[in-house]
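Have a look at the model first, then follow along with me.

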Amino acid sequence: MTIKEEPGEVARLLSYVVLLAVSFGLFLEAHTIPTSRFEILGAGAFPMLVHGTLITLLVIAIAGSVRRIPGDAYGRVSAQIMDWIRARRLVFAVFSFLAIYLWFMPVVGYPIATFAFLAVLQITLAPKTRKSAAIAITLALIFSFGLNWLFAEVFNVFLPRGL
């Protein structure tokens, strides 16, 4: 196997592992499907058969993939993955901020959560000057409290208020 083929094989191995985890979760979920009095095997029998077969095939594929990858390839590929993650760290930061925002919105309400989300995100991504910070805070105020007022007073649509 050449060095150019190793990342593809490692990616294939990772996809097999993810599919195995999903299939195992769906197998367990199919086991919880309630049975009716008209079915001897139950409603979950066919999904369990499909996912059990898929689990078996994925374990075989994982074993074959592990055999094809040389031992020193894992270190090289993990270094390439870390370089890829470092190059896209701002994308991961945006998605992290978005997850925190969506988690906090039902708790603190739309205006406060949106203000915090927009302010932190804009200050993180914008140039580090006083002018850009002032613009970021102004835009966060307009698009959080201003939109909340617009929807409540003009459209009579109430955005989440929080606890």
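**Charges.** How many positive and negative side chains does the protein have, and how far apart do the centres of the two sets lie? I found 13 positive and 8 negative side chains, with the two centres 11 Å apart. Lys and Arg were counted as positive and Asp and Glu as negative, while His and the chain ends were not counted. I placed each charge at NZ of Lys, CZ of Arg, CG of Asp or CD of Glu.

**Ground rules.** This is a predicted model, where local features need pLDDT of at least 70 and side-chain atom pairs count only at pLDDT 80 or more, while totals for chains, interfaces and linings use all residues. Residues are numbered from 1 along each chain as its sequence is written, and side-chain values use heavy atoms, with hydrogens and water left out.

**Overall form.** I looked up the secondary structure and noted six helices and zero strands, in the order α-α-α-α-α-α along the sequence. Helices (H or I, at least four residues) and strands (E, at least two) are DSSP runs, numbered from the N terminus. Next came the radius of gyration, which is 25 Å for the protein, whereas a compact globule of 163 residues would have one near 15 Å. That radius is taken over C-alpha atoms, and the globule rule is 2.2 Å times the number of residues to the power 0.38. Along the principal axes, the C-alpha atoms fill a box of roughly 60 × 55 × 20 Å.

**Surface and contacts.** The protein exposes about 11,600 Å², and carbon and sulfur atoms supply 74% of that area. I used Shrake-Rupley areas with a 1.4 Å probe; for residues, only the protein chains shown count as cover. Of the 163 residues, 21% are buried; buried means under 20% relative accessible area, exposed over 50%, and partly exposed in between. I then checked contacts (heavy atoms within 4.5 Å). Among those between residues at least 6 apart in sequence, 65% join residues at least 24 apart.

**Helix α1.** I traced α1 over residues 6-31, a run of 26 residues. From first C-alpha to last it reaches 37 Å, close to the 38 Å expected at 1.5 Å a residue. The expected span is 1.5 Å times one less than the number of residues. Its buried residues include Val 10, Leu 13 and Tyr 16, and also Glu 6 and Glu 9. What covers the buried residues of α1? The cover includes α2 (45-68) and α3 (73-87).

**The loop between α1 and α2.** Thr 35 sits in this loop and counts as exposed because its relative accessibility is 57%. Setting aside neighbours within four places in sequence, I found Thr 35 in contact with Gly 42 and Ala 43. Its C-alpha is 47 Å from that of Val 77, 42 residues away along the chain. Leu 41 lies in this loop too. Is Leu 41 buried or exposed? Leu 41 is exposed, with a relative accessible area of 73%.

**Helix α5.** This helix covers residues 110-125, so I logged 16 residues and a C-alpha span of 22 Å, close to the 22 Å expected. Among its buried residues are Tyr 110, Pro 111, Phe 117 and Leu 121. The cover over the buried residues of α5 includes α4 (89-108) and α6 (130-153).

**After α6.** Phe 155 belongs to the segment after α6 and counts as partly exposed because its relative accessibility is 48%. Phe 155 and Trp 103 are 52 residues apart in sequence and 26 Å apart in space, C-alpha to C-alpha. Asn 156 is found in the segment after α6 as well, and at 57% relative accessibility Asn 156 counts as exposed. I also noted its phi, near 55°, a positive value in a residue other than glycine. Most residues other than glycine have a negative phi.

Definitions and conventions. Buried means under 20% relative accessible area, exposed over 50%, partly exposed in between (1.4 Å probe, protein chains only).
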